[in-house]
Amino acid sequence: MPRHFLCAALCTVALTLSPVLALAQATKAAPKAAAPKAAAKAAPAGAVKTFTVTGTDNMRFAPAVLRVKAGDKVKVTLKAVSAMPKMAMAHNFVLLKAGVDATAVATAGATARETNYVSPKSKAQIIAASALAGGGESVTVEFTAPAAGKYQFICTFPAHFQGGMVGQLIVE
């Protein structure tokens, strides 16, 4: 087998597994970091559950696991921490419906610069999506938590999902 073919095959496998491994690590590490319920500000019933999620140059969300109850009003503020220009390093928060192929959504979004790297063709697969945030910027997205289950959120800026920028919304 030619050497360059083997390298290409291994790189493809690594990029495919990277988001899966990042989510597995985030899910495993979440209980050790802070109590997951502590990530949301305490709010009376019917109030909005608010989260602040950070995106950095290492292409990770922190925290990577958010917990809410079905029907909760949810507000996620994404803060980008980077010294790079926005055109080189920006992040968004894209919450996918259950069972959606995140790789397909991220791939379709990679060429959709004018729509914050969220392809109009993927809209039916998305619960909520934020605008892009460059270094020092914050963007906010609000939505109603769907039915109980586990939902992925990703960054669709080119190569970020493939680099492991993925998280999980757990709805109880």
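**View 1. Salt bridge between glutamate 172 and lysine 69 in the predicted model.** The closest N and O atoms of glutamate 172 and lysine 69 are 3.9 Å apart, a salt bridge being a side-chain nitrogen of Lys or Arg within 4 Å of a carboxyl oxygen of Asp or Glu. The pair joins distant parts of the chain, 103 residues apart: glutamate 172 lies in the segment after strand 11, and lysine 69 in the loop between strand 3 and strand 4 (73–81). Strands (E, at least two residues) and helices (H or I, at least four) are DSSP runs, numbered from the N terminus. Lysine 69 is partly exposed at 46% relative accessibility; buried means under 20% relative accessible area, exposed over 50%, and partly exposed in between (1.4 Å probe, protein chains only).

**View 2. Salt bridge between glutamate 172 and arginine 67.** The N to O distance for this pair is 3.4 Å. Arginine 67 belongs to strand 3 (residues 65–68), 105 residues from glutamate 172. Glutamate 172 is partly exposed at 39%, as is arginine 67 at 26%. Arg67, Lys69 and Glu172 form a network of salt bridges.

**View 3. Salt bridge between glutamate 137 and lysine 86.** The closest N and O atoms of glutamate 137 and lysine 86 are 3.0 Å apart. Glutamate 137 lies in the loop between strand 8 (133–134) and strand 9 (138–144), and lysine 86 in the loop between strand 4 and strand 5 (90–91). Glutamate 137 has a relative accessibility of 33%, and lysine 86 one of 38%.

**Notes.** Residues are numbered from 1 along each chain as its sequence is written, and side-chain values use heavy atoms, without hydrogens and water. In this predicted model, local features need pLDDT of at least 70 and side-chain atom pairs count only at pLDDT 80 or more, whereas totals for chains, interfaces and linings use all residues.
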